[in-house]
Structures are given as C-alpha cells and as structure tokens.
Amino acid sequence: MNNTKTKTKSYLFAAIGFLLTLALDQYLASTILRRLESFSLISGVFELRYLENRGAAFGIMQNRQIVFVVGGIIILAVILYLYQKMPFTPHYRPLRICAVLLASGAVGNMIDRVKLDYVVDFFYFRLID
C-alpha cells in the first residue's frame, strides 16, 4: 500500500513539475526574453538571451523540423519508460527531477518547432562564443 502511495505521489509531482516548467519555458522565452537584449546570470559567463534556432545544437541540420519532432517523440517515450522503471526511493529523486526537466524541454521544443518552425533557445554561454 505504501509503495502505491509513493508511486502516485511521484507521478503527481512529476506531472505538476512538467507542466510548470513547460509553461515557464514557453512564457519566459516568448514573452519576457524576446523583449530583452539579454539577462546576465553570471557576468561574462552565462546569460539568458532570446535566440531562434532552426536546427539542432549550434545550428546544425537547419530546417529539418520533422526529424526533430520525431526525435523528440522518441526521446519523450524513452524518458517516460525509464521514469516508470526507476525505483521509487529518495536516492533516485535527483534523476527523476532531471527526467522531468528533459521531458518538458523536449515537449517545449516540439511545440516551438510545430508552432514557430524553429526552437527558441535562451541559455547562452558567453565563454563559448
């Protein structure tokens, strides 16, 4: 009985966390950061900046939206499968949180690709520039 309550609680927190981070991702990128030049979190190192990316990391594979949407669906399926296979113990809580963040990021990117035909990126490492 206790294990069922733990699983239910974990799935509930995951769903809430997923929806909150997805909403924050969509709102932050499209509403707030679009208006700002950038928002520095660590001066000269890391900032939030509105960027439109029509490809993957560093702009590779530009304008191949269907490939990225299918890839996102596959990634989401793998994350969901692994999430439910993880033991429901406190030791795995950080991994569960990472899984929720990855899933919300994948879905947020899929929403951007379908709606806008590009992904809105906003994590900018100035050191890599």
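Two residues count as touching here when they have heavy atoms within 4.5 Å of each other. Keep in mind that this is a predicted model.

**Close-up A. Tyr83 and the residues around it.** Let's start with Tyr83, which sits in helix 2, the stretch covering residues 65-85. Leaving aside residues up to four places away in sequence, Tyr83 touches Ser10, Tyr11, Ala14, Arg96, Ala99 and Val100. Is Tyr83 buried or exposed? Tyr83 has a relative accessible area of 7%, so it counts as buried, the cut-off being under 20%. Now look across to Leu95: it is twelve residues from Tyr83 in sequence, and their C-alpha atoms are 8.7 Å apart in space.

**Close-up B. The largest nonpolar core.** Tyr83 shows up again here, as one of the twelve residues of the largest nonpolar core, which also includes Ala14, Val69, Ala99, Val100 and Met110.

**Close-up C. A nonpolar patch on the surface.** Over on the surface, Ile66, Val67, Val70, Ile74, Val78, Tyr81 and Leu82 form a nonpolar patch, and together they have about 670 Å² of accessible area. Take Val78, which is found in helix 2. Val78 has a relative accessible area of 43%, so it is partly exposed, falling between the 20% and 50% cut-offs.

Key: Residues numbered from 1 in each chain as written. Predicted model: local features only at pLDDT ≥ 70, side-chain atom pairs only at ≥ 80, totals over all residues. Heavy atoms only, no water. Helix = DSSP H or I, 4+ residues; strand = E, 2+ residues; numbered from the N terminus. Buried < 20%, exposed > 50% of the residue type's maximum accessible area, 1.4 Å probe, protein only. Patch = residues over 30% accessible without salt bridge, like charges linked within 9 Å, V, L, I, M, F, W, Y side chains within 5 Å. Areas by Shrake-Rupley, 256 points an atom, 1.4 Å probe, with all protein chains shown as cover. Salt bridge = Lys/Arg side-chain N within 4 Å of Asp/Glu carboxyl O. Core = buried A, V, L, I, M, F, W, Y, C linked by side-chain atoms within 4.5 Å.
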